[in-house]
Amino acid sequence: CVIKNERPPMKALVIGAGGVGSAIANIASRRPFITSMVVADRSLSRAQAAVTKVNDPRFSAEEVDASDVNDIRALIRKAAPDIVVNAVDPRFVMPVFLACENENVNYMDMAMSLSRPHPHYPNSETGVKLGDEQFARDWNWCERGIYAVVGMGIEPGMSDIFARYAQDYLFSEIDSVTILDGSNLRVDGYDFAPSFSIWTTIEECLNPPIVWEDGRGWYTTTPFSELEIFDFPEGIGPVECVNVEHEEVILIPQKIDAKKVNFKYGLGAEFITILKTINMLGMDREETVEVQGVSVSPRDLLTASLPDPGTLGERMRGKTCAGTLVKGLDKQGNPKAVYIYNVVDNAWSMKEFGDQAVVWQTAINPVIALELIHNGVWKPQGVNGPEWFESKPYLDLLEEYGTSWHIRDEDVSGILK
């Protein structure tokens, strides 16, 4: 790779002013390393609202169509950022990614390019995997002397860094890495109101889950496979968890020597039933249908019908947990199992930041990564995942940003020396 040695001021362009994009601006406004930040959205008023909230002259708002590469390129030329942070849903990863490549500007996202199932064996073999389209262009980015840090949210993101920490400091041999996400969040006044984008949740949960195993590589299973009940910490308690498709299963095996990697989402029995019903009714489809002469995507209609997760903070109660369960042998060769995790209480995030727990927990990670890159601690080259980098500097900053991470010992039954 061609490496740029200069450390310019950190000028960022955030594309997407929904819950996560707005929270990124809110968190970044409290950090002095940010020279300027442009927040852009297809709705200029929404971008302006995010900027008004922080009340900081370093921040400004613009309008952009994240589905249009040329429109994004024009905004990049106008804003002249050091890095573009993609905070829109995964449908728009590639337009933003390609616009950055074409304009020779650095890039960061929290979700990777979408997968496409195997045309004949979707529930056993992979087709196009999450992130394949981005990693296929790694050489282009290296050659241009620019970088892309992909999957730098909470999951993927912090969860991958936990896996890197476990490999470097806790384990001599890793049998399995399982990302486990769960919460006890409830929204007053709604029978069903997801705390994160329903479009993205459908994409993750109804696609065939992906698993990685040493000797077999990546493969898929049927949706909602390997149901287990996991007892989440800090009072969240037991939640039904199932395999889902997630970026960690793509990223972690590239840098972490583990025999198995999978991701389990603590959906709970009720949410699993709702998602199965959505699928059965065809409301998860992206293809448009004609409704009284108007073309509409059932999934887009469903998304528009539900409340914006970023607006639910005042009605939300409970905590959300993201963590990495690692099993294997410790540095002395003895059986070891730990759950490394981060918990955010919605009451705390609303009081301190005015952002609901799930979006705040997601948004903190790209800002920390920006600071580490700005300070020259992380030095990305080409297309990189979070586990490409040393974990301790990142983890050391969590408390400074207002949150924490913990290690809980788990049952070592079944782990062989």
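Cys100 sits in helix H4 (helices here are DSSP runs of H or I, at least four residues, numbered from the N terminus). With 0% relative accessibility, Cys100 counts as buried, the cut-off being under 20% relative accessible area with a 1.4 Å probe and protein chains only. This is a predicted model, so local features need pLDDT of at least 70 and side-chain atom pairs count only at pLDDT 80 or more, while totals for chains, interfaces and linings use all residues. Residues are numbered from 1 along each chain as its sequence is written, and side-chain values use heavy atoms, with hydrogens and water left out.

What does Cys100 touch, leaving aside neighbours within four places in sequence? The list is Ile76, Val84, Val105, Asn106, Tyr107, Trp141 and Ile146, where contact means heavy atoms within 4.5 Å. Tyr147 is 47 residues from Cys100 in sequence, and their C-alpha atoms are 9.7 Å apart.

## Helix H4

H4 is mostly covered, with eight of its ten residues buried. Those are Val93, Met94, Pro95, Val96, Phe97, Ala99, Cys100 and Glu101. After the helix comes Asn104, which has a positive phi near 55 degrees.

## H3 against H4

Two packed helices are described by the angle between their axes and the distance between the axes. For H3 (residues 69-79) and H4 (residues 93-102), the axes come within 9 Å and cross at roughly 50 degrees; they are lines fitted to C-alpha atoms over the stretch in contact, with angles from 0 to 180 degrees between N-to-C directions. That makes H3 oblique to H4, oblique being what is left after under 35 degrees (roughly parallel), over 145 (roughly antiparallel) and 65 to 115 (roughly perpendicular).

On the H3 side, Val69, Ile72, Arg73 and Ile76 meet Pro95, Val96, Ala99, Cys100 and Asn102 of H4. By type, the residues of this contact split into seven nonpolar, one polar and one charged.

## The nonpolar cores

A nonpolar core is a set of buried Ala, Val, Leu, Ile, Met, Phe, Trp, Tyr and Cys residues joined through side-chain atoms within 4.5 Å. The largest one here has 115 residues, and Ile24, Met37 and Tyr394 touch the most other members. Helix H13 (residues 357-374) supplies the largest share of this core, eleven residues. Apart from it lies another core of eleven residues, including Phe230, Phe232, Ile236 and Cys241.

Not counting residues up to four places away in sequence, Met37 touches Ala12, Val14, Ile24, Ala25, Ala28, Arg58, Phe59 and Ser60.

Note on methods: Buried < 20%, exposed > 50% of the residue type's maximum accessible area, 1.4 Å probe, protein only. Helix = DSSP H or I, 4+ residues; strand = E, 2+ residues; numbered from the N terminus. Nonpolar A, V, L, I, M, F, W, Y, C, P; charged D, E, K, R; others polar.
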